Amino acid sequence: METISSNNQTDVKITIPSLISRKKKQEATIVKVNGVEVGGSKVVIVAGPCAVENMEQLFETARSVTTGGAKILRGGAFKPRSSPYSFQGLGEEGLKLLSQIRKETGLPVVTEAMDTRQVETVAKYADMIQIGSRSMQNFPLLKEAGMCGKPILLKRGMMATVEEFLLAAEYILHHGNDQVILCERGIRTFETSTRNTLDLSAVPMLKHLSHLPVIVDPSHGTGLRWMVPAMAKAAVAVGADGLIMEVHYKPEVALCDGQQSLSPDEFTNLISDLRKVARAVDREIS
Ligand code: PEP
Ligand code: MN
């Protein structure tokens, strides 16, 4: 383990584990999600519903985000819900719908595994496995993710420091998988006007400390549909390698997170604005 601190006053005083460290590997890691590269010069858009609800909802939403410019589809089949009475997701049935939609759209899919027992099943259907905020320090799950042979989208724990986040990623690399994308999705602070406080300073920090790609989730980061475009543009401006956003063909009837889901039109308009921001910082939306 390496501690970056010492006499260099401009550097950072935290412990940087070695496998994820930019000091150990200068060139950026490119994560390949079934042919889509994350971490190169292009900014990748991941979009789709919070949860897979049924074929019509998934198909209509996927079709609109594909036309709008998404390169990877998202959609939860196993949903982590605060209340046991809320919609828990369709489980394996949802995974089957996702793999069907991949055939229709040609886009790779990412979906969450919440438990070590789900990893094998999720790996069978998905192109990338998401480890959600609530699971960031589920160490058995991180180890399983290291051994599963699929790229991992690791979301920052809502109470996790950058150091803890990087240590969680290190678990996955340590267990044999260097295909890890880090995702800033907002942290808990004293602020209550937004669902979380989207810590955009984590983006340059993570990219400074680690060679892994970093993407931003402005949907869970704000919890507010109208605020998603502003924070998405800001995320690209500070150097994010991608965005993951919730889009629903009818946000007002979504079973999960409708209040933060963009409509297809809002998504399409946002992507055209994002292209301008990307150009201004010498990037391109892929
Ligand atoms: C999600 O992206 O589906 C999700 C539940 O997000 P988070 O783990 O960041 O809350
Ligand atoms: Mn959600």
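Mentor: Here is a walk through some helix pairs, starting with the ones that share helix 5. Keep in mind that this is a predicted model.

Two packed helices are described by the angle between their axes and the distance between the axes. Let's begin with helix 4, residues 139-147, and helix 5, residues 162-174: their axes are 7 Å apart and the packing angle is about 45 degrees. That angle makes helix 4 oblique to helix 5, since angles under 35 degrees count as roughly parallel and 65 to 115 as roughly perpendicular. The crossing of this pair is right-handed. So who is touching whom? On the helix 4 side you'll find Phe-139, Leu-142, Lys-143, Ala-145 and Gly-146, and on the helix 5 side Ala-168, Tyr-171 and Ile-172.

The axes of helix 5 and helix 6 come within 11 Å and cross at roughly 50 degrees. Helix 5 and helix 6 are therefore oblique to each other, and helix 5 passes helix 6 in a right-handed crossing. Here helix 5 uses Val-162, Phe-165 and Leu-166, while helix 6 brings Ala-202, Met-205, Leu-206 and Leu-209. The contact of helix 5 with helix 6 has seven nonpolar residues, no polar and no charged.

Helix 8 passes helix 9 in a right-handed crossing. Pro-229, Ala-232, Lys-233, Val-236 and Ala-237 of helix 8 meet Leu-270, Asp-273, Leu-274, Val-277 and Ala-278 of helix 9. Eight residues of that contact are nonpolar, none is polar and two are charged.

The residues surrounding ligand 1 include Glu-112, Gln-130, Ser-133, Lys-155 and His-220. Arg-74 has a side-chain N or O atom 2.8 Å from an oxygen atom of ligand 1. For Lys-79, a side-chain N or O atom is 2.9 Å from a ligand 1 oxygen. Arg-134 places a polar side-chain atom 2.8 Å from an oxygen atom of ligand 1.

Notes. Residues numbered from 1 in each chain as written. Chains lettered and ligands numbered in written order. Predicted model: local features only at pLDDT ≥ 70, side-chain atom pairs only at ≥ 80, totals over all residues. Heavy atoms only, no water. Axes fitted to C-alpha atoms, helices over the stretch in contact; angles between N-to-C directions. Helix = DSSP H or I, 4+ residues; strand = E, 2+ residues; numbered from the N terminus. Parallel < 35°, antiparallel > 145°, perpendicular 65-115°, else oblique. Left-handed = near helix turned anticlockwise from the far one by under 90°. Contact = heavy atoms within 4.5 Å. Near = heavy atom within 4 Å. Polar contact = N/O pair within 3.5 Å; in protein donor to acceptor, adjacent residues only side chain to side chain. Nonpolar A, V, L, I, M, F, W, Y, C, P; charged D, E, K, R; others polar.
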